[in-house]
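This report concerns the local features of one protein chain. Please look at the sequence and the structure before reading on.

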Amino acid sequence: MTRPEYVPDDAVDITDYGAVSNPDDPADGSYSTNRQAIIDAGNAAGRSGNIYVPEGTYFFGEDDSNSWIVMGAHTAAGLSFYGDGPGKSVLGMTEHCPESAIGTMFRYNPDEYDTETHTATWKGLKLEGNAQNLGNKIQHGVGSLAIISQSGNSELTLQLDTVYIHDTYSAAVKHREGDLRADYCTFERVGIEITNDTYESSDRSESVDHCLIPQPDSDKSCIVDHCEFVNASGNAIDAGGDGTIETYSCWGSGLGVGWYKVQDCKKYVIENTYMEPNTQALEDLLVNDWFIGHRGPFYSVQGDTDVVPIVETNHVKCVSTTLQSVLLYNQSNAESNDAEWRGDMIAFHDSANGNRDAAIRTKGNDLRNTDINRISVHDSDVSQIFDVTGDGAIESLTHENSGTIGSTEDVTIQNSEQGGDPLQPDVPSRDEVGVDAVSDAEETDEDTEEDTTDSPLFDDWTPQWASDSDDWSVVSGDQFAGGNALAFEHDGETRTRYAFSCDNVGAPADVEVLDKFRVPAFTADESLGFHARVNLRSSSSSAGENGYWIEVESPENSFRLAKYTDGSLTTLGRFGTPEEDTFYYRRFRAEGNELKAKVWKASENEPSEWDIVTTDSDHADGWVGLGSFDTGLVETDVFSVATDGGTASHLNSDTAPKVAWQSPNNGETVSGTISLEIDAEGQEDDDSPTVEYRIDDGTWQTASYNTDTGYYEDTWDTTGTADGDRTLEAKATDSAGNSTNTSITVTVDNSLSVETIGVENVTDASTTLVGDVTGFGGADGATCYFEWREQGTETWNTVGEQTRSSLGEFSADLTGLEAGTSYEFQAVVETADRATGSIRSFDTGTDGTSLSIDRFALTDKSNPSWSWYEVDWAASDVDGELDTVVSELRYNGNTVTAESTNVSGETASFTHEVRVQGDVDEIRLSVNDTSNDYISESKQI
C-alpha cells in the first residue's frame with residue numbers, strides 16, 4: 001500500500017517489527033506483542049526519528065505495571081508518529097491490561113527535551129483510549145491520557161495534525177512545557193490540559209486551530225486549551241502558568257459545553273468561538289473546589305498576587321448556557337487578585353435552558369478597566385444581565401427577554417438598546433473543524449468545484465459520506481435481470497466510506513433489503529478489500545458515520561456484518577466465502593434490536609436459515625442504501641426494500657422455478673463416470689420444468705426425471721474432459737418461459753497417482769507405513785498397498801492391501817522386523833495400470849525406539865486475519881542422527897504453510913511459529929534423521 005505523501009521516507013513501519021492489526025482487542029497477548037513492536041520500531045528510528053503506522057487497528061498494553069510507551073526511556077527521544085489517516089490507522093489502549101497498569105499511552109520523558117530542540121509530530125492517526133470499556137481500572141489511571149509531555153521538556157514542540165483521540169478518561173493530551181500546535185483534530189470525550197505552575201516565560205506558544213470535542217454524555221470535565229467544543233461537558237480549558245496564550249480559531253455546537261477555566265495567566269485570548277452546552281450534563285457534574293459544573297463557558301480563577309489576569313474575547317457566541325455566561329472568580333477572595341475582561345463583538349444569546357443568574361458576573365474580585373465594543377444578550381432566563389463591580393465602558397449593549405441590566409457599579413454603558421436582533425459573530429462553521437474538515441493544504445478552488453448534490457440519473461438517490469454523484473453510474477448488459485445495473489467505481493485511490501442513499505425509502509427503523517450484486521474483481525492487494533456494502537439505519541454524526549452494513553470482506557475471505565458508531569468501526573460477525581465475478585443475493589434485516597443476514601449465490605435457491613443473527617441497539621433508524629470502502633467496481637442488479645416488518649421480494653419470486661445440484665457436491669474431486677442428479681420444481685403451473693445442464697460453456701444437455709429418486713439425472717464420463725476445475729451449470733425452465741440457473745465447481749482428476757508419506761511409531765520390531773492416493777486414473781476406485789524390503793535385498797514384500805473408492809491417505813502396520821535394521825518401502829496403487837510413490841527408508845531401534853517425538857504442544861494465537869499457532873516440540877533419535885523437524889499447517893489434506901529446523905545429535909527442542917491467512921484443520925509434526933528415517937504425528941484442530 002502506498003504511504004501518504006506526508007509520511008517521511010525514513011519512517012519505520014511498526015509491522016516490520018511484529019505489530020499485527022487486532023481490531024477486536026483479543027485477550028491473547030497480541031497487545032503485548034504490539035507494544036514491543038512499537039518500542040522496537042522507535043529504537044530503530046532513532047532520536048527524533050519517524051514511525052509509520054499502516055492502515056489497521058493496533059491495540060497495545062502490558063500485563064504488569066506500565067502500559068505506556070515512553071519516548072526517552074523505552075525508545076529514542078523525540079519520536080514522531082504518522083498514519084494513513086485517522087479513520088484508517090488506529091493505536092488503541094487494550095482493555096485487557098490489569099488494574100495495576102498505568103494508563104497513559106505515550107509519554108515524552110521528563111528532562112529529555114530541556115536543552116535539545118525536538119519537534120514531535122502526530123499526523124493521520126486515531127488514538128483509542130478505550131476508557132469506557134475499562135470499568136474500575138480507570139480509577140488506577142488506565143486509559144486516562146493519550147499523550148503526555150511532562151515538566152522538563154521546555155524545548156519540545158508537540159505538533160498534532162488530523163489526529164482523532166477517542167475516549168480517554170482525564171485528558172486527550174496533557175502538555176506541561178514547550179510549545180503546542182494542534183490543527184484539525186478531534187478530541188472526543190475530553191480535550192487538552194495545559195498546566196505548569198512554575199513556567200514563567202512570556203514566549204511560550206500554544207496554538208489550537210479548527211479542533212473539535214464531540215461527546216454528549218461524558219461525566220468528566222473537559223480540560224481543554226484553545227479548542228472547538230461540541231458535545232462535551234465540564235471544564236474546557238485549564239491553562240496553568242502565566243505565559244501568554246496565543247490566539248486561535250475554534251467552534252462548537254450540539255449538546256455540548258465549551259468551558260474556559262483560566263488559572264494563573266497574564267493574558268488569555270478567546271477568539272472566533274461558538275459554544276452551546278449540554279445543560280443537563282452540566283447540572284449533573286460534581287461541585288468541587290476548582291469548578292462548579294454549571295457556571296458558564298468563561299471562567300477565570302485565582303490570578304497570581306503579582307499578576308492582573310486578562311481575559312480577552314473576540315467574535316464569541318454563547319448559546320444555551322446555564323447560570324453565568326461569563327464568571328470572573330477569585331477563589332481565595334484576595335483583593336489584589338484583580339481581573340480585567342474586555343472584548344470586541346461578544347454575543348450571549350438564547351439561554352432559554354436556564355441561565356438563572358447574571359449573564360456576566362464577578363465573584364470575589366473586581367471587573368476593572370472594562371473595554372467592550374458591542375455586546376448582545378437575548379432570550380436569556382436571567383434576573384439581571386450584569387452583576388459586576390469595578391469600572392470601565394461598554395460602547396453598545398443590545399438586549400431583549402433577558403431581565404434587567406443589573407448592577408454595573410462604575411462600568412459605563414454608553415448606548416443601551418432594548419430589542420433588536422442578536423449579534424452574529426463571525427465564527428467558523430461546523431464543517432471547518434475536526435479531523436473530518438479539509439485542511440488548507442487539501443482545499444480545492446471553489447471556482448472549480450462541481451455541484452454534486454443532484455444527479456440527472458438518480459432523482460431518488462443521494463450521495464452520502466465521502467461519495468459524490470460521479471462515483472455512481474448505470475451500466476447495461478444481458479447479464480443483468482433488467483438489462484441495467486447500478487455501478488459504483490471511484491476514480492482515484494482514496495479508500496474511504498462511500499455511500500448512496502435511497503431517498504424514497506425514508507429513514508425506517510424496521511427494514512429489510514434484498515439486493516443482487518457482484519464484485520467483478522477483488523482488490524489485488526490481499527491486505528485490502530471491503531467491497532459492495534448494503535447499509536441500514538445509516539446517518540452522519542458530528543464525529544463521523546453511523547449505521548449497520550454487510551460487505552464483501554476479501555482479506556478475511558468472508559462476508560462481514562459491522563457497524564459505525566460516530567465513525568468508529570465494530571465487527572458484529574463474519575460468515576461465508578465470497579468469490580469475485582459472481583452474482584450474489586443478500587438479505588439484510590433490522591427489526592427492533594435484532595439484526596439478521598444471509599448471502600447466497602444468485603444461481604442457487606435462497607437458504608431457509610439466516611447466516612448470522614445478532615442483537616445491537618446503537619442505531620434505531622436511518623437511511624437505506626448502498627456503498628463501498630474500496631474504490632473498485634461493484635454492480636448492483638436488483639435492490640428491493642420492505643419496511644415495518646415486511647419481507648423484501650425477489651424479482652419474479654412467485655413464478656420462477658427452483659433448481660439445485662444434488663450430486664456431485666460443490667468442490668468435490670471426481671474421476672471416471674459419475675452420476676449427475678439435479679433437484680428442480682416448477683412454480684408457474686403443474687407441469688414439470690425442463691431441466692438442462694452443461695459443463696463449462698459447452699452445449700446444454702437434457703436431464704431425465706427419475707420417479708424413484710425424484711431427481712433429474714444423467715451420467716458424465718469425466719475421462720473425456722481435461723483434468724482441472726470444471727463448472728457444472730443446471731437450468732430449469734417452466735412452460736411460461738421462466739427459468740432459474742445454478743452452478744457448482746468440481747475438480748476432475750483422472751490420473752493414477754500415489755505418494756509415499758513416511759512411517760509412524762517406529763520400534764525395534766514394527767512400524768506403521770503411510771501413503772496417500774491422489775488419483776484413480778479415471779476408475780471408480782483402486783487397490784492400494786505397500787511394498788517393503790530390507791535395504792540391500794532385491795525382492796519386494798507386500799503389506800496392507802486394501803480397496804479404496806475415495807482419494808486420501810491410507811496406512812498399514814508392518815510387524816516382525818529385526819531390531820537395528822535398515823528397511824525401505826514404497827506406496828502402490830493399481831487399477832488396470834500401476835503407479836508407485838517414491839522409495840523411503842527407516843531404521844528399527846536397538847532398544848525399542850529409534851526416532852521419537854517427545855513433545856508436541858500447541859498454542860493457538862489465531863485472530864480474524866490469521867490462523868496462527870506456536871508448535872512447541874521435542875524429538876530424539878537413539879542413533880544420534882537427528883536431521884530435520886518440520887511443523888506443517890494443513891487444510892483438506894494439503895499443506896498450506898510450514899516451518900522447518902535443521903537439528904543434529906540425539907535430542908532437540910524448539911518452538912515453531914506458523915501462520916497463514918486462511919483456514920486450517922490439521923497440524924502435522926515430522927522428524928527425519930540422516931538415514932532418511934521418518935516419523936510424524938498429527939493433531940486435528
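The sections below treat cysteines, aromatic rings, charges over rings, and the backbone in turn.

## Model and cysteines

The structure is a predicted model. A disulfide requires two cysteine sulfur atoms within 2.5 Å, and by this rule the count is 0 disulfides.

Are C185 and C784 buried or exposed? C185 has a relative accessibility of 0% and therefore counts as buried. C784 is likewise buried, because its relative accessible area is 0%, and buried means a value under 20%.

## Aromatic pairs

A pair of aromatic rings is described by the distance of the centres and the angle of the planes. Across the whole structure, 25 aromatic pairs are found. One of them joins F81 and W122, which are stacked, with 4.4 Å from centre to centre and 15° between the planes. F81 belongs to strand 5 (residues 80-83) and W122 to strand 8 (residues 118-128), so this pair ties together parts that are 41 residues apart in sequence. Both F81 and W122 are buried.

Y705 and Y712 form another aromatic pair, this one tilted, with 5.0 Å between the centres and 55° between the planes. The two residues fall into separate accessibility classes: Y705 is partly exposed, at 46% relative accessibility, whereas Y712 is buried, at 5%. Ring pairs also link W461, W472, F488, Y498, F500 and F639 into a cluster.

## Charges over rings

Which ring face does R915 lie over? R915 is placed over the face of W868, at 4.7 Å from the ring centre. K939 lies over the face of F856, at 4.8 Å from the ring centre.

## Backbone features

Most residues other than glycine have a negative phi, and most peptide bonds are trans. The peptide bond from S663 to P664 is cis, with omega near 5°. P664 is located in the loop between strand 44 (658-663) and strand 45 (669-670).

D581, a residue other than glycine, has a positive phi, near 55°. D581 sits in the loop between strand 38 (568-575) and strand 39 (584-591). With a relative accessible area of 47%, D581 is partly exposed.

N761 is also a residue other than glycine with a positive phi, near 55°. Its place is the loop between strand 53 (752-760) and strand 54 (767-776). Why does N761 count as exposed? The relative accessible area of N761 is 53%, and exposed means over 50%.

Key
Residues are numbered from 1 along each chain as its sequence is written. This is a predicted model: local features need pLDDT of at least 70, side-chain atom pairs count only at pLDDT 80 or more; totals for chains, interfaces and linings use all residues. Side-chain values use heavy atoms; hydrogens and water are left out. Buried means under 20% relative accessible area, exposed over 50%, partly exposed in between (1.4 Å probe, protein chains only). Rings of Phe, Tyr and Trp (its six-membered ring) pair if their centres lie within 6.5 Å; planes under 30 degrees apart count as stacked, over 60 as edge-to-face and the rest as tilted. Helices (H or I, at least four residues) and strands (E, at least two) are DSSP runs, numbered from the N terminus. A charge sits over a ring if NZ of Lys or CZ of Arg is within 6 Å of the ring centre and within 35 degrees of the ring normal.
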